[in-house]
Amino acid sequence: MHSQLIILPILFQALIAVILLFLWSKPRTQRVVSVLGSGVSVIISALLFSQVWNNGIQTMQIGNWEPPFGISLVADTFAVVLVLLTSVVGFAVSIYSSTNVVSSRVKFGYYAMFHFLIMGLTGAFLTGDIFNLYVWFEVIIISSFVLLTIGGRKAQLEGAVKYFTLNMLASIVFLTAIAMLYGVTGSLNMAELSQIIPTIENKGLVSTISLIFFVGFGVKSGVFPLYFWLPASYHTPPAAVSALFGGLLTKVGVYAMIRVFTLLFPISGVNQTVFIVIAAFTIIFGGIGALVQKDMVRTFSYLIICHIGFMIGGLSMFTEMALVGVVFYMFHDIIVKANLFLIGGFTFRIFGNNKLSEMGGLMNNYPKLALLFVIPLFALVGIPPLSGFWPKISLFGASYETSNIGLLVAFIFASFITLFIIAKIWNQVFAKHASERDDLVKLKYFNQFTKREKTALIFPIVFLALITLYYGFFADHIQVLSERISYELMHPNEYFEAVFNIKNETTQ
Amino acid sequence: MEILLAIMTGILYAAGIYLILRRSLVKLIIGIVLLGNGVNLLIFLMGGLVKGRPPIIPEDAKHLEGLFADPVPQALILTAIVISFGLQSFAIVLIKRAYKVVKTDDIDAMNETDRI
């Protein structure tokens with residue numbers, strides 16, 4: 001089914017970004033435009049989602065070039081849900097930024113870059129062309145570089161050097177893989193590639209190319225042993241930026257991995273072993289890394305790595321049930337991780353610090369806020385009926401069924417470590433008596449904010465926490481959605497038929 | 001010609017990775033630039049080399065006949081060059097700023113954000 005609506009989320013973000021560039025020196029107007037624009041883009045994404053949900057996979061050929069010659073945009077259920085979640089997180093972060101990001105940063109084009117980043121993410125989810133995916137990845141990293149360095153504090157620049165080097169390297173590796181793939185197949189259209197690759201006789205070469213892709217995406221998503229840039233940089237920018245990065249940037253790497261390793265290189269043989277081992281190590285190293293941190297936001301950075309391992313592990317098992325778990329986990333993780341970083345920025349405004357030892361007394365001083373913050377924290381552990389619990393059932397079940405006991409042990413280990421870390425954060429931040437606050441830090445503290453500014457900080461957290469609660473209490477909706485996505489991912493023929501507009505006899 | 005290009009690509013990759021592994025910021029950037037050029041050559045090579053047959057349809061014909069150069073890799077390289085140009089100029093400004101603020105170009109000394 002052809003639909004022009006697919007390109008609208010991308011174009012709309014580009015439009016807002018360009019408008020914001022013209023409002024360069026007017027931070028107040030920029031904030032209003034950004035929040036309104038993000039709100040409208042949630043509606044557009046929801047429209048696209050409802051269209052795909054009702055009518056199946058939608059495609060669009062840019063410039064009306066017949067596939068495989070032009071660039072195809074493909075909106076299958078997986079892609080549109082991620083587009084929807086991106087715009088939801090974008091909306092929340094945009095509101096949060098209006099207090100969290102100071103005007104001097106806004107005057108250096110913070111909001112414009114923010115919308116370019118969202119545009120890049122949306123494009124990466126919707127594209128059906130592997131080189132176009134590379135281009136969207138570059139859009140994402142260049143805007144994330146600017147967001148990371150804007151402000152130019154020492155820690156930011158140090159983090160940016162590491163972030164820059166490894167992400168640039170990942171892009172080069174990814175491009176190398178594309179070059180080799182093009183040399184072997186002569187095509188860049190993912191739907192066509194899914195038909196050509198199984199016919200290639202040189203299986204060794206195909207396997208090599210697939211592993212180069214894995215390295216490229218692995219750096220971006222932060223798998224062991226390629227994750228070191230992530231904890232070195234994610235805590236340095238303002239909390240709004242960290243939330244966007246933590247929620248979405250690593251997930252786009254995972255998305256690309258899921259797309260490539262279901263559509264182009266279905267996982268089997270050596271790849272499967274490699275994936276399982278790497279997933280287990282990612283979980284263990286991320287978990288242990290989080291355990292030793294003394295700073296709350298850095299703990300969250302390591303937890304990202306740990307939970308990326310869940311998704312890679314689920315993908316590596318490559319059964320429909322495992323993919324249901326992966327997809328559900330990803331949806332849950334995007335919302336919860338973004339929310340955790342927003343909370344990190346919030347507590348920074350309360351305590352002037354994010355060191356666990358210098359925080360405390362949140363439960364006594366701000367009981368309502370404490371209750372709010374507990375929702376994403378508990379969802380992260382997967383306390384039933386919150387959202388982290390449901391995908392874990394599928395993941396544990398799948399690893400037991402495919403008798404990947406090592407992976408099962410890693411999953412359980414990670415769950416316990418996460419529980420332990422959340423308990424530690426609970427003790428240090430919520431329950432412990434507050435130590436004397438050192439107001440010498442030059443910072444506008446939470447109680448100095450006006451009512452409007454306080455609302456702008458609290459509303460996004462409430463908004464994302466409500467979504468987490470929805471995931472938890474209406475898990476059957478998400479489960480049905482994940483099952484449909486997983487079915488689509490395991491049957492790449494439908495993707496191919498949608499792109500090439502082949503009428504399927506059975507569906508008519 | 002293919003052999004020459006293949007060797008050239010290999011040299012660029014090797015030199016790029018070697019320079020990235022050094023401790024100096026400037027060498028890091030040069031390494032990334034070399035790697036970027038290496039990958040462009042690789043795309044060019046993987047597209048297949050055809051000498052003197054541009055993919056232009058003659059006026060009296062409807063479509064291309066016989067052997068002709070594949071235009072796609074060239075378009076890809078062009079895109080990749082533009083992107084890497086932008087990224088590299090950003091990188092150069094970034095290391096200049098980083099050098100001014102951190103006051104060292106030794107990457108090993110930039111360990112502030114990794115400390116627990």
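Reader: Where is B:K103 found?
Author: Welcome to a predicted model, in which local features need pLDDT of at least 70, side-chain atom pairs count only at pLDDT 80 or more, and totals for chains, interfaces and linings use all residues. Residues are numbered from 1 along each chain as its sequence is written, while chains are lettered from A and ligands numbered from 1 in the order in which they are written. Helices (H or I, at least four residues) and strands (E, at least two) are DSSP runs numbered from the N terminus. B:K103 is found in the segment after α3 of chain B.

Reader: Is B:K103 buried or exposed?
Author: We count other C-beta atoms, placed from the backbone, within 10 Å of a residue's own: 20 or more is buried, 12 or fewer is exposed, and in between is partly exposed. B:K103 has 9 of them within 10 Å, so it is exposed.

Reader: And A:F318, buried or exposed?
Author: A:F318 is found in the loop between α13 (296-317) and α14 of chain A. Its phi is near 55 degrees, a positive value in a residue other than glycine. With 21 other C-beta atoms within 10 Å, A:F318 is buried.

Reader: How far apart are the end C-alpha atoms of helix α14 of chain A?
Author: The expected span of a helix is 1.5 Å times one less than its number of residues. For the 32 residues of α14(A) (residues 320-351) that gives 46 Å, which agrees with the distance in the model, 46 Å.

Reader: How many residues of α14(A) are buried?
Author: This helix is largely enclosed by the rest of the structure. Of its 32 residues, the buried ones number 29.

Reader: Which residue in β2(A) stands opposite A:T59?
Author: Two strands pair if DSSP finds at least two bridges between them. Strand β1 (residues 58-61) of chain A and β2(A) run antiparallel and are joined by four bridges. Across from A:T59 stands A:V74.

Reader: What is the radius of gyration of chain A?
Author: Chain A has 21 helices and two strands. The radius is taken over C-alpha atoms, and the globule rule is 2.2 Å times the number of residues to the power 0.38. For 508 residues the rule gives 23 Å, and chain A is as compact as a globular protein of that length because its radius is close to that, at 22 Å.

Reader: Which element gives the most to the side of chain B that touches chain A?
Author: Two residues are in contact if their C-beta atoms, placed from the backbone, lie within 7 Å. The contact takes 28 residues from chain B and 30 residues from chain A. On the chain B side, the elements giving two or more residues are α2 (25-46) and α3 (71-102). With 14 residues, the one that gives the most is α3(B).
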